[in-house]
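Visitor: Please show me the structure and take me through it in plain steps.

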Amino acid sequence: MLLARLALTAGESVPTGSLVDDLWGTDPPSDALNALHAVVYRLRKALGDPGILESTGTGYRLAVTPEDVDAHRFEDLVARSRRAESPRESATLLGAALALWQGDALSDVRDAPFAARTGARLEELRLGAVEDRFEAELRLGHHAEILADLEAASTEHPLRERLAALRMRALHASGRQADALAVYEQVRGTLAEELGVDPSSEIRQAHLDVLRGPAEQPPRSESAPGRLPAVLTTFVGRDDELKLLAELLETSRLVTVLGPGGVGKTRLAVEAASRHRAHRCGRLWLVPLAGAGNVADAVLGVIGSPDARPSGGDPLDRVAELVGGGEAVLVLDNCEHVVEEAAEFAGQLLERQPQLTVLATSREPLEVIGESLCRLGPLDLPRHRADAADASGSAAVRLFVDRAAAVRPGFELNQSTVDSVVNVVRRLDGLPLALELAAARLRSMGPEQVERRLDDRFRLLSRGNRSAQPRQRTLHAVIEWSWDLLTERERLLASRMSVFPAGASAAAVEAVCADPPADDVLDALVDKSIVEQTANGYRMLETIRAYAAEKLRQSGEEESVRDRFTRYFAELAEEHEPLLRSSRQPESLVVFDAEYDNLVFALRSAIDGGDPGTAVRILSPLYWYWKSLRYDARAADYVAGVAAFGDALPDDARAAFTAIHLLAGDSGPTADTERTRDLIEDCSRTGAFQRYPMLVVATLPMAHFCGLDELVERQMHEVRARADRWTTACTLLVEAFIHHDRGAWEAGSTAFAQALRGFEETGDGVWTAIALAGQAKVHSVGGDHEKAIGALERALALASQDAFAHRIGLATERMRAGDLDGARLDLRAAEQEALARGQRLLEVEFLVAVAEFHRRSGQPDRADQELDRAALLAVDTPMSGAQTDVRLAPSRMANRLAAGDAAGARALLPRTVDAAFLHRDVAPAAQLLAGLLHLEGDPVGAATALGTSAAIRGAFDQGDPEVRSLRSELAGVLGRGAYDEAFRLGADLPRREAMERLAPDHR
């Protein structure tokens, strides 16, 4: 009690008399002062540090700061939340504050006289904070997420009127108007019965809002897991269209949102897609087609994944493989630019993937059999001369007022503004883009001025002159009006900025578009809503970009601006190429992440424009990026496109990218040994290994597979004699792989350690992580799980972009270490990563790891069930049935051994061995054979098989608890001497002979 009382006034002295009153109240002990001293003595002893409890002469003080006391921290966080500038900040602070609570306030000392009053105050503050958090979450649009908590809190506190109002608002926002009204009736009855009062004004207002109809959704500012863009503004109106789209997406496989440009097709499609279950499962992709040269290429660029590479074929085949089976939604946005190609692509893809739904947006139908249309017209208009109350029922008016208030705080629809607003909205036909551009003008004009500008510029609209494609003409007029408001310098910069297919940094705009420098002009374009400012720079709305691009073509500058664009990104790529392999890698990765679409477009432009020099300058760092972090399904085509320049390329570039194209392409490497030799020798002769370091890891392993080890060793020696540290580290990584592939475990482990040191010296975090993963395997086989886990955790921290692979590695290693709880956490994280990527192959690998978890937990039958699930999912991947059987065979055999099913394990042995040779990791198959022989009653053969695993790998697996347990059982059955003798029979075999005994067919 004394500790709690002093903590409540942390750092301040409390007089002894106050302490006596607070601890004993009106019934103190006869010698209260000595009793207090005794309590102080016991508390000091319990604290262990007498200095924490100080005597101040007139009382006592706890030598801590308020930040050390949860109650003070809670109150501080709540106070800060109420000063927060955004709902997100407020919600975060309140979440942290409420997380400090571990139960009721002062529950351990509630009998103390001081505790009742203080505890009641803290409880009231907590309830207020709970309500504040609900309020912030509602403002963020998280009504569905908080409903359950709101209902529980309302049940616990039925007389809290604010909670009731918040619950009604959440139900209303979720479309549950009837439930919201029922809550009102329930609360009104409870208040009347318990307190004899009517509902507060807050509840009455919530009730009135429900009666007015469906709620408008608040802004959603967070990025969605299904690759949808984060939205920055409220979604207004379109309730009927959203309902229709939801129904069509359940009954049709091709749904097209049809309407004119600027009518809000994309925004409606994104909103509808965000509510679809495929989005929550990470099985929904949004593919912008505006400006796309090829539909399949655009889709491949969005859905590509570094962990799920298609087996080959044409682009449509690769898309079908990457999408996989199972329910999924593909949103094709702005199909009107490539309508015939989009129609053909969608039709063929839907035929190949029976559980896929395509949601398209277009200005005209795709005209594919089975297509369902959602026709989108302008927002509903107010009646002429409507008053403010009547006009506010129009979605077009609400949209205009919402956007106007964003640029002109305090703007509202009232008697002084309603006439002009109604006139503007009606004369703009309720087109959302037109309304947003017009509202943006309120930054510098009044609504009356905007209305007058319409008189000057929109005679076409006022006359109602609508012929063919009327909405396009209307939108063009709106954009042209905004364009006419620009100065000459602003128009020049805006037209040049249309060359960027994605966003543009300020530096890129300056280099490509600005002549002379134009910081002030760019700011003006942002103010006038021609350009939007983003976290990474600037971007144009696509419709405005298309208009600006036409102006650029008319100006005669298109070719020169495109050349400057391509040249700029070639220079940017060339500048960052060495930095990607250095300690400055993080800043370069930020650039590549932000400018990726521009870099790829520049590469495509250079290839299409027949500019081999520029193309190869961009491709070189992009290939590093693809190989290291971001697999792009179009990469092989780009490499082939550059290689096709042939002798027009510099000799080293020609040799490098021809070798990469033929030896490491997605279509499969060549098996021609002599051709492989010629390609690698050409790279050596031209100095390509030094100029293009990724060539080392892209080609030399293939030469090893072809048996060209002498050539590989010679090339690695030459490279090390002339290359930089990063390239040398790559040769060490290749050397480590080759040594382990040969069974030279110690030599391979040494090479891994050297490669790790080499990459660490360069500062390259990504390839340091790759080397760490190899080092982790070395530690694991050696039985040092702590070091293995440490290496993998460090790899995850250095290369979070490859989180799935590292999480699976961590989970596996924790299982081997016996830390099943830790493994479970890593598996959960891996599952979220797999679902976020929406790739079936990752889900299959996840289930294989889960099966191992259950087997090592003593549940082999449940492990089999997980493998059965994996097999079902694999049907929807590029793997054939036979490939799936081989992939899962080792895990199935391990399960049968764990279950004591010798016959089942024996039947799986051939496929297990096939899998081992296919993946060039043969030793685990020998370990499984040892377990089978032991189960079959052949302990000598089992011990010999364990020795064979050591001969094949070059080391005995000290880190697998199942293998160690088997070794102990065999030694117990045979005796240590007999076991060692049988083990040596296998361990002393030459590696080739050991592998032939395991599988005579795999010579």
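## Overview

Guide: Of the 1003 residues in the protein, 53% are buried (under 20% relative accessible area; exposed is over 50%, partly exposed in between, with a 1.4 Å probe and protein chains only). This is a predicted model, in which local features need pLDDT of at least 70 and side-chain atom pairs count only at pLDDT 80 or more, while totals for chains, interfaces and linings use all residues. Residues are numbered from 1 along each chain as its sequence is written, and side-chain values use heavy atoms, with hydrogens and water left out.

Visitor: How many helices and strands does the protein have?

Guide: Helices (H or I, at least four residues) and strands (E, at least two) are DSSP runs, numbered from the N terminus. The C-alpha trace of the protein spans about 100 × 95 × 55 Å along its principal axes. The count for the protein is 51 helices and 10 strands.

## The sheet

Visitor: What is the order of the strands in the open sheet of 5 strands?

Guide: Two strands pair if DSSP finds at least two bridges between them. In this open sheet the pairing is parallel, and the order is 5-6-7-4-8. The edge strands, each pairing on one side only, are strand 5 (284–288) and strand 8 (371–375). From one strand to the next, the twist averages 20°.

Visitor: Which residue of strand 8 is the bridge partner of Leu254?

Guide: Strand 4 (residues 254–258) pairs with strand 8 in the parallel sense, over 5 bridges. Within strand 8, the partner of Leu254 is Glu371.

Visitor: At what angle does helix 12 run to strand 7?

Guide: Axes are lines fitted to C-alpha atoms, for helices over the stretch in contact (heavy atoms within 4.5 Å), and angles run from 0 to 180 degrees between N-to-C directions. Helix 12 (residues 265–274) lies across strand 4, strand 5, strand 6 (328–333) and strand 7 (356–362). Its angle to strand 7 is about 155°.

## Helix 7

Visitor: How far apart are the end C-alpha atoms of helix 7?

Guide: The expected span of a helix is 1.5 Å times one less than its number of residues. Helix 7 (residues 143–156) has 14 residues, so it should span 20 Å. The distance between its end C-alpha atoms agrees with this: 19 Å.

Visitor: On which residue is the kink in helix 7 centred?

Guide: The bend at a residue is the angle between axes fitted to the seven residues ending there and the seven starting there. The buried residues of helix 7 are His143, Ile146, Leu147, Leu150, Ala153 and Ser154, and their cover includes helix 6 (113–139) and helix 8 (161–173). The kink is about 30°, centred on Asp149.

## Single residues

Visitor: Which side chain is joined to that of Arg496 by a polar contact of 2.7 Å?

Guide: Arg496 lies in helix 24 (residues 488–497) and counts as buried because its relative accessible area is 6%. A polar contact is a pair of N or O atoms within 3.5 Å; within protein, one must be able to donate a hydrogen and the other to accept it, and residues adjacent in sequence count only if both atoms are side-chain atoms. Not counting residues up to four places away in sequence, Arg496 touches several residues, including Cys513, Leu552 and Arg564. The partner in the 2.7 Å contact is Glu557.

Visitor: What is the phi of Asn334 near?

Guide: Most residues other than glycine have a negative phi. Asn334 is found in the loop between strand 6 and helix 16 (339–352), and is buried because its relative accessible area is 12%. Its phi is positive, near 65°.

Visitor: Is Arg920 buried or partly exposed?

Guide: Arg920 is in the loop between helix 46 (902–918) and helix 47 (923–935). Phi of Arg920 is also positive, near 55°. At 41% relative accessibility, Arg920 is partly exposed.

Visitor: What separates the C-alpha atoms of Arg906 and Leu932?

Guide: Arg906 is in helix 46 and touches Leu932, Leu933 and Glu936, not counting residues up to four places away in sequence. Arg906 and Leu932 are 26 residues apart along the chain, and the separation of their C-alpha atoms is 7.0 Å.
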